[in-house]
Amino acid sequence: MTSTFYDDRPTEEECKSLRRIADQLPWAVWIVALIELAERAAYYGVSGPFQNYIQNTYKSPSGLPGALGLGQSAATRFTNFFQFFCYVTPVFGAIVADSYLGKVKTIICFSVAYMFGLLILFGTSLPIAIENGYAFGGLITAMILIGIGTGGIKSNVSPLIAEQYTRTKQSIRILDSGERVIVDPAMTIERIYTYFYMCINVGSLSSALTTVLELKVGFWLAYLVPVCIFGIGFTVLVSERRSYIDRPPSGSVVLHAFRIIWIGIWSGHKLDAAKSSFQRTEHRFTVPWSDEFVEEIKVALASCRVFLFFPIYWMAFSQMLNNFISQAGTMELHGIPNDILTNIDALTIIAFIPILNACLYPILRRGGILFRPIARITVGFIFAGLAMLYAAGVQHLIYISPPCYDSPLNCGASNGGSIPNKVHVLIQTPAYLLIGFSEIFASTAGLEYAYTQAPPSMKSFIMSMFLLTSAGGSILGILIAPLARDPYLVWMYLGFTTMCFVTGAIFWRLFKGYDSPKEERIHLRNLD
């Protein structure tokens with residue numbers, strides 16, 4: 001579908017009667033999306049096998065691949081630590097980008113640390129390294145370096161992709177069919193993040209390859225794949241560095257923000273006390289920021305209130321990356337790697353995002369129903385709760401099945417851990433489908449909300465605050481890791497179910513007003 005020309009901005013009557021469409025996306029949007037795809041392919045390519053790598057022993061009699069043999073609880077703690085660290089470091093990546101280097105240079109510099117981490121993980125996963133005791137030290141070093149690299153990439157690539165689209169005002173477009181439509185920048189940003197998230201999940205399919213390679217060949221080949229993929233992405237990033245729209249750093253934005261918040265706390269939670277006019281009048285003190293910047297901080301903090309509920313969601317989501325894998329390891333695999341089913345989540349997202357964009361959302365809009373971010377996030381909580389409820393049912397089925405019942409792989413009848421309980425692993429499939437649907441609604445809406453509500457000078461920082469909620473979920477995961485053992489897993493999943501449903505209900509009750517039409521202007525005001 002093409003157009004012949006743009007007319008003036010729509011009138012009030014046209015806003016009510018004309019169809020709204022997203023704009024065409026600039027080529028730079030797709031380049032940035034490709035870079036994120038490569039980074040996520042590397043991330044999931046290495047983290048996909050982590051649970052087996054840490055939990056199971058090298059050449060385990062169960063037939064499951066492994067290296068360290070630290071057990072399920074320890075593996076869950078380490079994988080949650082890795083996720084935690086990867087989503088704490090974006091705060092520092094945002095500071096570097098917003099205050100010193102800009103987004104593109106920050107991404108390039110932190111990518112170097114990322115590559116070193118991948119190389120160390122590959123080197124220490126070679127059979128000779130595992131046999132000589134280098135695997136654990138290499139794993140921890142790689143986790144730290146990859147986490148640092150992730151911090152510089154994740155906090156900046158998300159706002160960078162949206163900044164490649166520069167239109168900020170609604171306008172009339174005349175299609176070749178003669179139809180007059182409204183080109184809506186807010187819908188365009190929504191579409192950018194929808195496709196951006198789809199690229200993330202295409203990248204995450206790399207774990208389908210690495211989990212097969214760890215089983216059939218070894219961890220060393222599984223970890224060589226992310227090295228190659230990330231190398232390609234890094235080459236594209238550097239070679240196209242002059243093609244991006246990259247807003248220059250605007251000074252110590254984040255550090256100023258922390259100072260303003262600190263002044264506000266000490267002044268009885270009144271941020272107006274940090275305004276330059278107030279400081280100059282009341283204290284005869286000059287501060288390096290304007291009154292308008294303090295107002296932007298107020299907007300940013302208001303946005304962050306919505307993020308406070310996301311750690312519960314991410315805690316439930318992370319079960320897919322650790323305890324679901326361990327659960328599969330106690331079931332009949334029939335030659336299927338126990339950690340390959342996580343890719344069902346990504347396939348769900350890749351398959352259903354286009355369907356939702358082409359069918360569901362247009363139907364809702366024609367019916368006068370605007371499925372805005374707060375509503376989508378709430379639906380995401382509901383799907384996450386359903387996933388945990390189903391996982392509890394699967395775990396109960398495992399516990400009532402022979403030969404080891406509520407002690408799978410840990411009884412005499414298991415022949416040294418080589419005979420799992422008689423439940424087919426594919427029964428897990430609906431849990432991954434439900435997690436995938438929850439991501440489509442909650443995570444994509446969270447990314448969109450973080451960008452559109454952030455003041456122009458603080459988009460990387462606000463995006464890092466949203467990513468920090470995943471770190472909060474990882475902390476909760478670490479705290480509940482002692483429960484990640486038999487025979488308590490059913491109760492653990494039921495606890496997650498309750499938390500998701502209750503949190504979703506409270507979230508909707510508190511923030512449903514943010515989805516009202518009067519808030520639409522907020523989505524546009526910060527695109528300038």
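This is a predicted model: local features need pLDDT of at least 70, side-chain atom pairs count only at pLDDT 80 or more; totals for chains, interfaces and linings use all residues.
In this briefing, helices (H or I, at least four residues) and strands (E, at least two) are DSSP runs, and they are numbered from the N terminus. Eight cavities of 30 Å³ or more are found in the structure, together with one disulfide and a count of 15 salt bridges.

**The largest cavity**

- The largest cavity holds about 270 Å³ of space, and its lining is made up of 21 residues, with Arg-40, Tyr-44, Tyr-87, Tyr-197 and Trp-314 lying nearest its centre.
- Two or more residues of this lining come from each of the helices α2 (27-47), α4, α8 (135-163), α9 (185-204), α15 (310-317), α19 (429-453) and α20 (459-480).
- Among the contributors to the largest cavity, α20 gives the most, with four residues in the lining.
- When the lining of the largest cavity is sorted by class, 11 residues are nonpolar, seven are polar and three are charged.

**The second largest cavity**

- For the second largest cavity, the volume comes to about 120 Å³, and the 14 residues that line this space include Tyr-44, Ser-204, Met-320, Leu-321 and Thr-342 as those closest to its centre.
- By class, five residues of the lining of the second largest cavity are nonpolar, seven are polar and two are charged.

**The second largest pocket**

- The second largest pocket contains about 520 Å³ of space, and of the 25 residues that line this pocket, Gln-55, Asn-56, Gln-72, Pro-408 and Leu-409 lie nearest its centre.
- Helices α3 (50-55), α4 (72-88) and α16 (323-328) each give at least two residues to the lining of the second largest pocket.
- The lining of the second largest pocket is divided by class into six nonpolar, 17 polar and two charged residues.

- Tyr-100, Leu-101, Leu-255 and Phe-258 make a nonpolar surface patch of about 370 Å², to which α5 (90-101) and α12 (253-266) each give two or more residues.

**Links between side chains**

- A disulfide is a covalent bond between the sulfur atoms of two cysteines.
- In this model the disulfide joins Cys-404 to Cys-411, with a distance of 1.9 Å from S to S, and the link is left-handed, with -75° about the S-S bond.
- One of the salt bridges is formed where the side chains of Arg-19 and Glu-179 meet, at 2.9 Å from N to O.
- Arg-19 lies in strand β2 (residues 19-21), while Glu-179 lies in the loop between β3 (171-175) and β4 (180-183), so the pair ties together parts that are 160 residues apart in sequence.

- Most residues other than glycine have a negative phi, and most peptide bonds are trans.
- Against that background, the peptide bond from Pro-402 to Pro-403 is cis, with omega near 5°, and Pro-403 is placed in the loop between α18 (373-399) and α19.
- Tyr-405, although not a glycine, has a positive phi of about 55°, and its place is in the loop between α18 and α19.
- The peptide bond from Asp-486 to Pro-487 is also cis, with omega near 5°, and Pro-487 is found in the loop between α20 and α21 (489-511).

Terms used. Residues are numbered from 1 along each chain as its sequence is written. Side-chain values use heavy atoms; hydrogens and water are left out. On a 1 Å grid over the protein atoms alone, a cavity is a set of points where a 1.4 Å probe fits but cannot get out, and a pocket is an open set with protein on both sides within 12 Å along at least five of seven lines; lining residues have an atom within 4 Å of a point. Grid points are joined across faces, edges and corners, and a volume is the space filled by probe spheres set on the points. Ala, Val, Leu, Ile, Met, Phe, Trp, Tyr, Cys and Pro count as nonpolar, Asp, Glu, Lys and Arg as charged, and the others, Gly among them, as polar. Patches are made of residues with over 30% relative accessible area and no salt bridge: like charges are joined within 9 Å, nonpolar side chains (Val, Leu, Ile, Met, Phe, Trp, Tyr) within 5 Å. Accessible areas come from the Shrake-Rupley method with a 1.4 Å probe; for residues, only the protein chains shown count as cover. A salt bridge is a side-chain nitrogen of Lys or Arg within 4 Å of a carboxyl oxygen of Asp or Glu. A disulfide is a pair of cysteine sulfur atoms within 2.5 Å.
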